[in-house]
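Subject: The structure you asked about

Hi there,

Here is the structure for you to open and turn around on your screen. Have a look at it first, and then read on for what was found in it.

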Amino acid sequence: MTITVLLADDQHLVRAGFRSLLRRGRDIDVVGEASTGDEAVRAARTLKPDVVLMDIRMPGMDGIAATRTLLRDLPDCRVIILTTFETDEYVFSALAAGASGFLTKEIDPDGLRNAVRVVAAGDALLSPSVTRRVVGQFAHRPVPAAGMPGGEPPGGDRLAVLTDREREVVRLVATGLSNVEIAAQLVISPLTAKTHVTRAIAKLGVRDRVQLVIVAFEDGLI
């Protein structure tokens, strides 16, 4: 199965570089490019890619607004935010808008291709180090409730639908642990850890692992 990708970045050389790297993966096909958020939304509607690599800072509609807009129209599409995390203050808002993760533009070629495969398969890309930095950076700047799936206000116990074990697993996800690390800590198998994560996602009605982190943060689990 070939994974179709749309590149959205206002720098031609950046797009050319990513296109070249992605096309070395036999299972990945770059089907289009966009230099603005508006172009990205229009191209996504036409091409219906599996994954969009989305820059945040672009002329006109930025990557956050573009992510929110295209995912409203194409809920099965997956968006990976491209950013320089150290200087970008909008990552959390992008994740709340529905992005399945983000990458820094310094990512290595294998990491880039693997990231596309991970999100195309329905998982989310949020490494332990990234999770901790996102939580740390936004600990004192809660996102408005409107940015959350379901629109429930922060402070309500959305996590009440989870079992005690599921709550513990969500807490560990939110601290940046992978399924393998969660399994080791709770003395369960990685498959069981993944099952708990999947059930928590379904019960909370969120999109993916990234959204679990946001819910855990806003409901005070971490």
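Arginine 171 has a relative accessible area of 27%, so this residue counts as partly exposed. Its salt-bridge partner is glutamate 168, with the closest N and O atoms 2.7 Å apart. Glutamate 168 is partly exposed as well, at 26% relative accessibility. Both residues sit in helix α7, and because they are 3 residues apart there, about one helical turn separates them. Please keep in mind that this is a predicted model, so every value here is computed from it.

How many salt bridges are there in total? The count comes to 12. The general idea is a simple one: side chains of opposite charge can pair when their charged atoms come close.

A second pair to look at is arginine 158 with aspartate 219, whose side chains meet at 2.4 Å, N to O.

Arginine 15 is buried, with a relative accessible area of 11%, whereas glutamate 33 is partly exposed at 29%. Salt bridges can also join up into a network, as they do for Asp9, Asp55 and Lys105.

Now for the overall picture. The chain has 222 residues, and 50% of them count as buried. You will find 10 helices and 5 strands in it. Its accessible surface comes to about 10200 Å², and carbon and sulfur atoms account for 53% of that. If you take the contacts between residues at least 6 apart in sequence, 67% of them join residues at least 24 apart.

What lies in the interior? The largest nonpolar core has 30 residues, and those with the most contacts inside it are Met54, Leu70, Val79 and Ile81. Elements that give two or more residues to this core include the strands β1 (3–8), β3 (51–55) and β4 (78–83), along with helices such as α2 (37–47) and α3 (63–73). There is also a second, separate core of 21 residues, with Leu172, Ala174, Ala183 and Leu186 among them.

Leaving out residues up to four places away in sequence, isoleucine 81 touches Met54, Ile56, Thr67, Ala94, Ala99, Gly101, Phe102 and Leu103. One of these, alanine 94, is 8.2 Å from alanine 65, C-alpha to C-alpha, though the two alanines are 29 residues apart in sequence. Alanine 65 is found in helix α3 and is partly exposed, at 24% relative accessibility.

Next, please look at α10. How many of its 10 residues are buried? The count is 10 of 10, so this helix is largely enclosed by the rest of the structure. After α10 comes glycine 220, whose phi is positive, near 75°.

Two helix pairs are left. The axes of α7 and α10 are 9 Å apart, and the helices pack at an angle of about 100°. That angle makes α7 roughly perpendicular to α10. Where they meet, α7 brings Val170, Val173 and Ala174, and α10 brings Arg209, Leu212, Val213 and Ala216.

In the other pair, α1 packs with helix α5 (residues 109–120) at about 80°, with their axes 9 Å apart. α1 is therefore roughly perpendicular to α5. Here Phe18, Leu21 and Leu22 in α1 meet Pro109, Leu112, Arg113 and Val116 in α5.

Enjoy exploring, and write back with any questions.

Best wishes

How values were computed: Residues are numbered from 1 along each chain as its sequence is written. This is a predicted model: local features need pLDDT of at least 70, side-chain atom pairs count only at pLDDT 80 or more; totals for chains, interfaces and linings use all residues. Side-chain values use heavy atoms; hydrogens and water are left out. A nonpolar core is a set of buried Ala, Val, Leu, Ile, Met, Phe, Trp, Tyr and Cys residues joined through side-chain atoms within 4.5 Å. Buried means under 20% relative accessible area, exposed over 50%, partly exposed in between (1.4 Å probe, protein chains only). Helices (H or I, at least four residues) and strands (E, at least two) are DSSP runs, numbered from the N terminus. Contact means heavy atoms within 4.5 Å. Accessible areas come from the Shrake-Rupley method with a 1.4 Å probe; for residues, only the protein chains shown count as cover. A salt bridge is a side-chain nitrogen of Lys or Arg within 4 Å of a carboxyl oxygen of Asp or Glu. Axes are lines fitted to C-alpha atoms, for helices over the stretch in contact, and angles run from 0 to 180 degrees between N-to-C directions. Angles under 35 degrees count as roughly parallel, over 145 as roughly antiparallel, 65 to 115 as roughly perpendicular and the rest as oblique.
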